[in-house]
Amino acid sequence: DYTVRAKVSEGLNLAAAAKLASAETRLSVGTWPASSTAAGYSEAQTALVSNITIPSAQNITITYDTTATGIPALAGANTLRLRGSIGVGGVVKWRCLASGAVASNGDLLGGTAGTVLPKYAPASCR
C-alpha cells in the first residue's frame with residue numbers, strides 16, 4: 001500500500017500547474033474556469049498519470065494509468081479529485097478527495113470525490 005501511495009503522490013505534485021491555472025483564472029476573471037482550455041492549461045501526462053484535467057468549475061481530476069507500466073492496483077478506482085474554494089482574504093484553497101472523502105466546511109460545493117480507495121490515497125485526501 002505504501003508503494004502505491006507514493007506513486008499516487010506523483011499525481012498531486014503534477015497537478016500543481018492545473019491548480020495554478022485554475023486559481024489564476026478565478027482570481028483574475030472572477031469565475032472558476034469550466035475546462036482546461038478555459039484556464040489555458042495543457043493536460044499533463046506521465047508513465048503513472050494518464051491525464052490531469054479541469055473538467056468543470058472548481059474541479060481538477062487526476063486520472064492514473066492502471067496498465068502494467070502504471071499503477072495496476074488502482075484498476076477500476078483510479079481518480080483523485082481536487083476541489084477549489086476561496087478562503088479568507090481571497091486565498092485559494094484546494095481539497096483533495098479520494099473515494100469516501102467527507103466534505104467539511106462546504107468544500108465540495110456540489111462536487112464529487114475521486115474513486116481512489118482511501119488506503120491508496122495520501123493522508124491529505126482521505
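Modeller: Start with a term: a disulfide is a pair of cysteine sulfur atoms within 2.5 Å. Bear in mind that this is a predicted model.

Biologist: Fine. How many disulfides does a search of the whole structure find?

Modeller: The search finds one. The disulfide joins C96 to C125, with an S to S distance of 1.9 Å.

Biologist: Where do C96 and C125 sit in the chain?

Modeller: C96 is in strand β4, and C125 is in the segment after β4. They are 29 residues apart, so the pair links distant parts of the chain.

Biologist: Which hand does the disulfide have, and why?

Modeller: The disulfide is right-handed, because the torsion about the S-S bond of C96 and C125 is about 95 degrees.

Biologist: And are C96 and C125 buried or exposed?

Modeller: Both C96 and C125 are buried.

Biologist: Switching to the sheet. What is the strand order?

Modeller: The order is β1-β2-β3-β4 in an open sheet of four strands, with antiparallel pairing. β1 (49–56) and β4 (92–97) are the edge strands, each pairing on one side only. From one strand to the next, the twist averages 20 degrees.

Biologist: How many bridges are there between β1 and β2?

Modeller: Five bridges, in the antiparallel sense, with β2 covering residues 59–64. β2 and β3 also pair in the antiparallel sense, over five bridges. Between β3 and β4 there are six bridges, again antiparallel.

Biologist: What about the hairpin of β3 and β4, how many residues lie between the strands?

Modeller: Five residues lie between them. Within that hairpin, G89 takes a positive phi near 75 degrees.

Biologist: How many of the eight residues of β3 are buried?

Modeller: Seven of the eight, so β3 is largely enclosed by the rest of the structure.

Biologist: What packs on the sheet?

Modeller: Helix α1, residues 2–14, does. Helix α1 touches β1, β2, β3 (79–86) and β4, and its direction makes about 145 degrees with that of β2. Helix α2, residues 16–29, lies across β1, β2, β3 and β4. Helix α2 runs at about 140 degrees to β4.

Biologist: Now T63. Where is T63 found?

Modeller: T63 is in strand β2. T63 is the bridge partner of N51, and T63 stands opposite T79 in β3.

Biologist: Is T63 buried or exposed?

Modeller: Buried, because the relative accessible area of T63 is 18% and the cut-off for buried is under 20%.

Biologist: Which residues is T63 in contact with, leaving aside neighbours within four places in sequence?

Modeller: V49, S50, N51, N78 and T79. Among them are N51, its bridge partner, and T79, which T63 stands opposite.

Biologist: Last one, L74. Where is the place of L74?

Modeller: L74 is in the loop between β2 and β3. L74 is buried, with a relative accessible area of 1%.

Biologist: What is L74 in contact with, leaving aside neighbours within four places in sequence?

Modeller: L74 is in contact with V4, V8, Y64, T66, V116 and Y120.

Biologist: And how many Å separate the C-alpha atoms of L74 and G30?

Modeller: They are separated by 36 Å, with L74 and G30 44 residues apart along the chain.

Technical notes
Residues are numbered from 1 along each chain as its sequence is written. This is a predicted model: local features need pLDDT of at least 70, side-chain atom pairs count only at pLDDT 80 or more; totals for chains, interfaces and linings use all residues. Side-chain values use heavy atoms; hydrogens and water are left out. Two strands pair if DSSP finds at least two bridges between them. Helices (H or I, at least four residues) and strands (E, at least two) are DSSP runs, numbered from the N terminus. Axes are lines fitted to C-alpha atoms, for helices over the stretch in contact, and angles run from 0 to 180 degrees between N-to-C directions. Contact means heavy atoms within 4.5 Å. Buried means under 20% relative accessible area, exposed over 50%, partly exposed in between (1.4 Å probe, protein chains only).
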